[in-house]
Amino acid sequence: ESLKRLIEQAPKTELHLHIEGSLEPELMFALARRNDIDLPYDSEEDARAAYQFDDLQGFLDLYYQGMSVLQTEQDFYDLTLAYLERIHADNVVHTEVMFDPQAHLERGVPFEAVLNGIERALEDGQRDWGISYKLIMSFLRHLSEESAFETLTAAEPYLERIYAVGLDSGEQGHPPEKFARVFERCRELGLKLTAHAGEEGPPDYVRQALEVIGVDRIDHGNRALEDEDVVRMLAQRNMTLTVCPLSNLKLNVIPEMSQHPMLAMLNAGLKATVNSDDPAYFGGYVNDNYRALIDHLPVSSEQLHRLLVNGFEGAWMDDAERKKHL
Ligand code: ADE
Ligand code: ZN
């Protein structure tokens, strides 16, 4: 009601967004036709109906399959522009966009096509809608350390256009420490560091992200709440958590939205933010994620304000830019 109106009108950030996860069925079908690719769905409705997941891996299987329609620079441009148009309607004024180069390189799509397409749309979005941005290149943790190093080598000519690196894909069995050396090299190259941790993986993976990798941010972080030492570490470092409520529900990280730990995170002094993760698959963009919290948790206007401010404080934007919005 009035809280929802406040959220809809407020300028917002998005700090956890996989651009490939913003591929709506309509565009997926259009690109499949354009590139002459067969999809395992009869229709857009059929695709949507298939988006019911038992867990992270169940989602990832459809996510990697869906992105097979992304072949050319123009495809990545169209994908990213559609996302920006959608978040502009939500009053998102700053977005930090993650992409998965390994998922495209292994299909023969050149790094440059991916980067140029995404970045050209982000430039157009900045010019036309005033949306500022950063780009985050994410390593797939189910692949090897060697593959991550190869990806970094492929990215090396373009690193001044990439602000940070991340770590995503199947978490269980692929702890942050598996990538300690790649991340160390990335830090030496001047990149910011983030990692998915504590989405499905144990609190110790969050600890590793902090202490072994030395991340600047944690993506998700839900399961940190199971370990008070890890909570203390996160609070002491004022570490931003990029939390994704609808994603957590769809991937069975929580049994129902009323069980979401967002308020517990705030009450523990953690710098939680609201984000959409893979909006085309999880049923909503940033405002939908805020609305889900308002509908199912006893969230106060102070807490909503805190979440909005956390989004700007946790963003990788310069202070002059941040001040415009706070
Ligand atoms: N890749 C895309 N979305 C992801 C998520 N929520 N967790 C891990 N890997 C992902
Ligand atoms: Zn994610």
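Student: What covers the buried residues of helix 4?

Tutor: The cover includes helix 2 (25-35) and helix 14. Cover here rests on contact, meaning that the C-beta atoms of two residues, placed from the backbone, lie within 7 Å. This is a predicted model, in which local features need pLDDT of at least 70 and side-chain atom pairs count only at pLDDT 80 or more, while totals for chains, interfaces and linings use all residues. Residues are numbered from 1 along each chain as its sequence is written, and chains are lettered from A and ligands numbered from 1 in the order in which they are written.

Student: What makes a stretch a helix or a strand?

Tutor: Both are DSSP runs, numbered from the N terminus: a helix is H or I with at least four residues, and a strand is E with at least two.

Student: How do you know that the buried residues of helix 4 line one face?

Tutor: The buried residues of helix 4 (residues 56-66) are Leu56, Phe59, Tyr63 and Gly66. Seen down the helix axis, they fall within an arc of 95 degrees, so they line one face. The arc is taken over the directions from the helix axis to the C-beta atoms. An α-helix has 3.6 residues a turn, so residues three or four places apart point the same way.

Student: Why is Asp278 called buried?

Tutor: A residue is buried with 20 or more other C-beta atoms within 10 Å of its own, exposed with 12 or fewer, and partly exposed in between, the C-beta atoms being placed from the backbone. Asp278 has 26 such neighbours, so Asp278 counts as buried. Asp278 sits in the loop between strand 8 (271-274) and helix 14 (279-282). Leaving out residues up to four places away in sequence, Asp278 touches His18, Gly21, Tyr63 and Ser247.

Student: Why is Asn91 called partly exposed?

Tutor: Asn91 has 14 other C-beta atoms within 10 Å, so Asn91 is partly exposed. Asn91 lies in the loop between helix 5 (73-89) and strand 2 (92-99). The phi of Asn91 is near 60 degrees, a positive value in a residue other than glycine.

Student: Why does Ser169 count as buried?

Tutor: Ser169 has 20 C-beta neighbours inside 10 Å, so Ser169 counts as buried. Ser169 is in the loop between strand 4 (164-168) and helix 9 (180-188), and has a positive phi of about 80 degrees although it is not a glycine.

Student: Which residues are around ligand 1?

Tutor: Those residues include His18, Tyr63, Ser169, Asp277 and Asp278. A residue counts if its C-beta atom, placed from the backbone, lies within 6 Å of the ligand.

Student: How many residues of each class are in the shell around ligand 1?

Tutor: The shell has 2 nonpolar, 5 polar and 4 charged residues. Ala, Val, Leu, Ile, Met, Phe, Trp, Tyr, Cys and Pro count as nonpolar, Asp, Glu, Lys and Arg as charged, and the others, Gly among them, as polar.

Student: Where does UniProt place the feature "binding site"?

Tutor: The unreviewed UniProt entry places it at His16, His18, His196 and Asp277. Although spread over 262 residues of sequence, these cluster in space, with a largest C-alpha distance of 11.8 Å. UniProt also lists Asp278 for "binding site". The positions follow the numbering used here, feature names are shortened, and annotations may be inferred rather than shown by experiment.

Student: What is the mean pLDDT of the protein chain?

Tutor: The mean is 98, and 100% of the residues reach 70 or more. pLDDT is the predictor's confidence in each residue, from 0 to 100.
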